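Dear colleague,

Please find below the sequence and structure that I am handing over to you. My notes on the findings follow directly after them.

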Amino acid sequence: MKVLVAVKRVVDYNVKIRVKADKTGVETANVKMSMNPFDEIAVEEAVRLKEAGTATEVVAVSMGPQQAQETIRTALAMGADRGILVKSDDDLQPLAVAKLFKALVDKESPDLVLMGKQAIDDDSNQTGQMLAGLLGWPQATFLSKVAIGDGSATMTREIDGGLETVEVKMPCVGTVDLRLNTPRYASLPNIMKAKKKPIETLEVGDLGVDVAPRLTTVAVEEPPARQAGVMVPDVATLVDKLRNEAKVI
Amino acid sequence: MAILVIADHDNTAIRQGTLAAMTAAQQIGGDVTVLVAGEGCRAAADDAAKIAGVSKVLCCDSPLYAHHLAEPFAALILTIARDYSHILAPAVTMGKNTLPRVAALLDVAQISDISGVVDADTFVRPIYAGNAMATVKSADAIKVITVRGASFDKAAHGDGSAAVEDLAAAEDPGLSSFVGQELSSSERPELTSARVVVSGGRGMGSAENFHHIETLADQLGAAVGASRAAVDAGYAPNDFQVGQTGKIVAPELYIAVGISGAIQHLAGMKDSKVIVAINKDEEAPIFQVADYGLVADLFEAVPALEAALAS
Ligand SMILES: Cc1cc2nc3c(=O)[nH]c(=O)nc-3n(C[C@H](O)[C@H](O)[C@H](O)COP(=O)(O)OP(=O)(O)OC[C@H]3O[C@@H](n4cnc5c(N)ncnc54)[C@H](O)[C@@H]3O)c2cc1C
Ligand SMILES: Cc1cc2nc3c(=O)[nH]c(=O)nc-3n(C[C@H](O)[C@H](O)[C@H](O)COP(=O)(O)OP(=O)(O)OC[C@H]3O[C@@H](n4cnc5c(N)ncnc54)[C@H](O)[C@@H]3O)c2cc1C
């Protein structure tokens with residue numbers, strides 16, 4: 001079984017982001033970038049499938065600028081076998097990313113595509129579902145457990161009220177949630193080994209996909225700030241304030 | 001403009017998120033049809049007909065839609081999608097799971113989790129865990145949108161009397177099937193629509209101690225929430241998680257106990273009307289968003305709070 005796993009380069013989750021003064025976006029120059037945390041979980045799951053003998057090859061794919069290669073290297077150090085970078089310096093929106101992935105799926109014929117449930121920059125939560133739709137494949141989103149069977153997979157999903165288990169035919173697209181696994185740290189020898197693993201670089205044009213953005217960003221602004229509150233000395237004062245000042249209890 | 005709102009419901013009644021999506025639809029402006037699909041969902045369709053401003057309810061009652069599996073549900077929506085300029089669903093599991101599939105098959109973008117409507121093409125949505133607000137304009141003929149429930153008032157519900165029409169089921173793509181579910185059962189109000197939410201974090205220290213949060217919540221008629229750290233540690237079930245990747249809540253009162261206030265947690269609760277933080281670390285970032293902060297050991301403060309509320 002071949003697994004394609006998506007790895008997106010995003011602003012590190014610890015960074016306190018700043019909106020650009022001209023309101024065109026968020027400051028990303030000189031900001032620490034990392035692999036989208038959900039994608040680390042997707043890579044971990046793919047590598048575990050390989051270690052268990054279920055998967056035979058794990059291919060890490062990123063779409064974005066040349067530096068996204070570093071993100072692919074991280075995936076290779078975690079245990080992916082090879083990488084594909086689809087290079088683009090433009091704003092790739094989820095529909096475009098899904099179409100590019102579809103073109104790669106047509107080329108690579110994987111049995112499973114694993115993605116993050118959302119990227120922590122744009123928080124769209126759509127790319128996996130879109131890819132599944134375009135491929136006519138089933139989708140198993142927000143995964144907290146993956147069990148690959150013969151021609152189908154039993155997938156447990158985090159839903160509003162708790163957990164749901166579905167059976168989907170293979171091939172399928174899975175998007176992973178936070179509690180599927182805890183991603184490993186790459187060891188130094190594995191980081192060294194990853195430097196020798198192959199990364200193929202493609203241009204968007206090679207895949208013959210229309211990636212024109214459908215949404216234009218009119219403005220990016222700071223959210224309204226909350227007014228500073230007060231510290232209360234004790235529980236009695238707190239209850240008094242809630243009852244008589246805020247009048248919420 | 002013709003607008004389709006996909007209802008979130010439990011077969012007997014519509015859920016709150018549907019009313020928020022309805023408000024967004026009214027702000028866009030146009031003729032609003034609500035789709036209720038499920039198994040034995042007639043009562044929910046009748047309930048949807050009572051929402052103010054709805055002109056028609058489409059009811060598709062079939063076992064195929066019992067669990068809103070994305071593959072058959074998207075196929076159903078696609079049988080009618082091209083009749084509308086806007087397709088809206090609440091940003092709950094159902095909407096988040098199904099609508100991007102619909103959008104891709106219509107070859108249009110999805111605008112996720114909107115928190116505001118500027119005009120029929122232009123919407124506001126939070127990005128970077130709500131640390132920035134993007135205003136985006138869509139060039140697509142059909143706008144597919146999920147709506148953040150906490151950001152819109154609930155449409156009036158009760159007086160409407162729209163007609164309910166049957167909609168035929170679509171062909172089953174046969175890609176997926178439902179196996180089972182484990183739902184956390186609770187008498188408490190639902191997290192995303194509760195007036196008061198009491199949340200516990202890693203500071204609770206254990207699943208047993210987490211019961212302090214539940215006792216306090218019950219005293220206030222509140223829903224219970226948790227930080228990711230508390231959920232990961234097994235103190236609370238996953239569907240209690242509040243934050244960027246959990247539930248987004250905006251109650252009148254949010255009480256955070258033993259929660260540090262990481263940006264990913266703040267993303268899910270900072271629009272609450274009144275925020276109370278109880279934490280023993282006076283430097284905890286949660287205090288920066290709290291209206292009332294109490295620096296205290298929670299194991300003393302929470303029982304004292306319970307006692308004070310009881311008196
Ligand atoms: C105001 C604004 C300006 C922007 N400007 C730019 C810009 O100039 N240049 C630019 O490159 N982007 C830009 N972006 C980001 C770009 O629009 C988003 O990357 C895109 O919308 C995808 O959204 P998402 O990643 O949140 O999708 P989601 O659907 O949340 O992603 C889910 C999963 O899909 C996979 N995935 C998504 N994208 C990729 C990818 N590129 N490679 C590999 N896997 C992926 C990952 O597994 C991810 O976890 C901008 C965004 C905004 C809001
Ligand atoms: C991709 C990604 C997504 C995430 N999504 C979410 C999300 O949706 N929701 C979310 O919550 N987190 C999310 N997180 C995790 C987030 O970054 C934090 O790790 C998490 O919120 C911390 O939870 P906490 O505040 O309970 O724990 P901690 O940060 O450990 O804080 C515990 C607090 O309890 C206090 N405390 C301890 N003992 C006591 C006591 N006896 N009395 C009083 N106070 C005490 C401490 O002072 C401390 O401030 C996400 C992280 C990532 C990377």
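**Findings**

Within strand β8(A), A:A153 is the bridge partner of A:I148. The two strands concerned, β7(A) and β8(A), pair in the antiparallel sense over five bridges. Strands are taken as paired if DSSP finds at least two bridges between them. Helices (H or I, at least four residues) and strands (E, at least two) are DSSP runs, numbered from the N terminus.

Please note that this is a predicted model, in which local features need pLDDT of at least 70 and side-chain atom pairs count only at pLDDT 80 or more, while totals for chains, interfaces and linings use all residues. Residues are numbered from 1 along each chain as its sequence is written, and chains are lettered from A and ligands numbered from 1 in the order in which they are written.

**Chain A**

Chain A contains six helices and 13 strands, and its C-alpha trace spans about 65 × 45 × 40 Å along the principal axes. Of its 249 residues, 47% are buried, that is, 20 or more other C-beta atoms lie within 10 Å of the residue's own, with C-beta atoms placed from the backbone (12 or fewer: exposed; in between: partly exposed). Among contacts in chain A between residues at least 6 apart in sequence, 69% join residues at least 24 apart; a contact requires C-beta atoms, placed from the backbone, within 7 Å.

For residues 23-211 of chain A, UniProt lists "domain: Electron transfer flavoprotein alpha/beta-subunit N-terminal" in an unreviewed entry. Such annotations may be inferred rather than shown by experiment, and the positions are given in the numbering used here, with feature names shortened. This stretch is 30% helix and 31% strand, and its end C-alpha atoms are 24 Å apart.

**A sheet with strands from both chains**

The pair β7(A) and β8(A) belongs to an open sheet of 10 strands with mixed pairing, in the order β11(A)-β5(A)-β4(A)-β1(A)-β6(A)-β10(A)-β7(A)-β8(A)-β9(A)-β11(B). β11 (199-203) of chain A and β11 of chain B stand at the edges, each with a single partner strand, so one side of each is left without a neighbour in the sheet. Neighbouring strands are turned by 30 degrees against each other on average, direction ignored. Helix α2 (residues 68-78) of chain A lies across β1 (2-6), β4, β5 (82-87) and β11 of chain A, and runs at about 160 degrees to β4(A). Axes are lines fitted to C-alpha atoms, for helices over the stretch in contact, and angles run from 0 to 180 degrees between N-to-C directions.

Where the sheet passes from one chain to the other, β9(A) pairs with strand β11 (residues 176-183) of chain B in the antiparallel sense over seven bridges. One of the partners in β11(B) is B:L183, which bridges to A:G162.

**The interface**

The contact between the chains takes 60 residues from chain A and 70 residues from chain B. On the side of chain A that touches chain B, β9(A) gives the largest share, eight residues. That side divides into 30 nonpolar, 16 polar and 14 charged residues. Here Ala, Val, Leu, Ile, Met, Phe, Trp, Tyr, Cys and Pro count as nonpolar, Asp, Glu, Lys and Arg as charged, and the others, Gly among them, as polar.

**A buried strand in chain B**

Strand β15 (residues 274-279) of chain B has six of its six residues buried, so it is largely enclosed by the rest of the structure. B:V274, B:V276 and B:I278 point one way, and B:I275, B:A277 and B:N279 the other way. In a regular strand the side chains alternate between the two faces of the sheet. β15(B) runs parallel to strand β14 (residues 253-257) of chain B, joined by five bridges, with B:I255 opposite B:V276. Four bridges join β15(B) to strand β16 (residues 292-295) of chain B, also in parallel, and B:A277 stands opposite B:G293.

**The ligands**

Ligand 1 lies between chains A and B. Of the 31 residues around ligand 1, A:A6, A:G116, A:A119, A:D122 and A:T127 come nearest; a residue is near a molecule if its C-beta atom, placed from the backbone, lies within 6 Å of it. β4(A) supplies the largest share of this shell, four residues.

Residues from chains A and B surround ligand 2, so the site is shared between chains. Among the 30 residues around ligand 2, B:G201, B:G203, B:R228, B:A229 and B:G243 come nearest. The shell has 11 nonpolar, 14 polar and five charged residues, and its largest share, three residues, comes from α6(B).

With kind regards

How values were computed
Two residues are in contact if their C-beta atoms, placed from the backbone, lie within 7 Å.
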